[in-house]
Amino acid sequence: MTSALQQAADEFLVRYGGDVFPNLFTTAKGTIVTDSDGRDYLDFTSGQMCATIGHNHPAIVAAVERAGKKAFHLFSGMIPEVVAELAQVLATDWLPGDLKRSIFINTGSEATEVALRMAKMYTGGYEVLVLGGSWHGITGGAASVSMASDRRGYGVPPPGVFVIPEPNAYRPYIDKGSEEASALANLELALKMFDMQSSGRGAAIIAEPVISAGGVLVPPKAFMEALRKAADERGMLLIFDEAQTAFGRVGKKTGSEYFGVVPDIMTMSKTLGGGLPLAAVSTTEAIESKLHEDHFTYYTSHVSDPLLAEVGLAVLRVIAEEKLVERANVMGAYLRGRFEGLQQKYEQIGDIRGMGLLLGVELVTDRNSRRAAHQLGGLTTKKCFEHGLSMNIRRRPERGSVWRIAPPLTVSTEEIDRAVEILDRSLRESLDELSRNPAA
């Protein structure tokens, strides 16, 4: 049956890019995924950065069962009780500042579409500023503001998108001697260029608190404060895409809390659904009121679905009850310490960065040149998988070769130790192989 299904996958599935693994997969539990040969792998990407409380957590399984006894889906105008409860919990326990009102949809891409739609209607503008290296999704509007993905070959994007080169302390575009000064100089020039080109119809600045797909880049707090100021001065709304940073991953409830900057709109996905397709967009009472007066619509088949709301509530309860926000700091510090040990051993580990349990490890040919070690990164990642560790690597030519490490917040020290041992072995084997055959 397994070989027949593998043949079916090869013959009938559309190939959609990204990493492709040799086998099909059958089960997932906690930090472990199992393939069709019965082999287990440590999953240090939390699925697609989603399963923050571990794969198939019992609370999520129970939530799906509860929904099955009540309702999986309703007419979109019928608001389920559980959706009202999730909105209340989100506003009361998790959202920063005066963010209060939420809409629940399915994916991060869709959340970006909602946020852009809100900002454009509220301001009457259409121009959007976005950080380089960002990833906000692949649907039409979301793809137009995503700079970490392939952008060629998909037709004409929506007009009005302008790029702020991302702040990168390890590879600054403008080097002013310090991380903060370099980032602010970079932003100042980008804003001057935007102001020269703008038609005066600004709608939004959108940013990830941690630029994850761009190489796990953490901006200085002063940079995020400056984004807030820039939006206010131009009559634009500030949108934070917290798909990966909300609900504990970075050791705070949100990236907004970490930076002390409250956006006008916050998008959330991945970490809210715990592996199921749940996303949310939250905004203020004042913005929602004006949007409603102007007849804002986002009426889809699966808005306010009860099944997903039930799961979202379960995920938030587990994070709170198991103190996973605090745990992300403890386990993140332990993981970072283990990486720093490897850095002392290998000249090719150039930089270690990130927050909580979202870490980036940049590979270089040597620390003086900081030249990206793309070949080494790709080979090491392949060997890690062969030895039982699944992790993600960013290999954009212009942004270096960066391991993106994001295990579930429930990961144990034993699992971290095992993962680092695999990394150590894989890096050593890759260096040996490349030294013998540089063209490998």
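How do the axes of helix 4 (residues 81-94) and helix 11 (residues 306-321) cross, and within what distance do they come? The two axes come within 8 Å and cross at roughly 30°, where axes are lines fitted to C-alpha atoms, for helices over the stretch in contact, and angles run from 0 to 180 degrees between N-to-C directions. This is a predicted model, in which local features need pLDDT of at least 70 and side-chain atom pairs count only at pLDDT 80 or more, while totals for chains, interfaces and linings use all residues. Residues are numbered from 1 along each chain as its sequence is written, and side-chain values use heavy atoms, with hydrogens and water left out.

**Helix 4 and helix 11**

- The crossing angle of roughly 30° makes helix 4 roughly parallel to helix 11, a term for angles under 35 degrees, with over 145 counted as roughly antiparallel, 65 to 115 as roughly perpendicular and the rest as oblique.
- The residues in contact (heavy atoms within 4.5 Å) are Val 82, Val 83, Glu 85, Leu 86, Val 89, Leu 90 and Trp 94 from helix 4, together with Pro 306, Ala 309, Glu 310, Gly 312, Leu 313, Leu 316, Arg 317 and Ile 319 from helix 11.
- Sorted by class, this contact of helix 4 with helix 11 has eleven nonpolar, one polar and three charged residues; Ala, Val, Leu, Ile, Met, Phe, Trp, Tyr, Cys and Pro count as nonpolar, Asp, Glu, Lys and Arg as charged, and the others, Gly among them, as polar.

**Helix 5 and helix 10**

- The axes of helix 5 (residues 108-123) and helix 10 (residues 285-293) come within 10 Å and cross at roughly 75°, and the two helices are therefore roughly perpendicular to each other.
- Met 118, Met 121 and Tyr 122 of helix 5 make the contact with Ala 286, Ile 287, Lys 290 and Leu 291 of helix 10, which by class gives six nonpolar, no polar and one charged residues.

**The chain as a whole**

- The protein chain has 14 helices and 15 strands, which are DSSP runs (helices H or I, at least four residues; strands E, at least two) numbered from the N terminus.
- Of the 440 residues, 53% count as buried, meaning under 20% relative accessible area with a 1.4 Å probe, protein chains only.
- The C-alpha atoms fill a box of roughly 70 × 60 × 45 Å, taken along the principal axes.

**Ala 71**

- Ala 71 lies in the loop between helix 3 (58-70) and helix 4 and, leaving aside its neighbours within four places in sequence, is in contact with Pro 306 and Leu 307.

Note on methods
Buried < 20%, exposed > 50% of the residue type's maximum accessible area, 1.4 Å probe, protein only.
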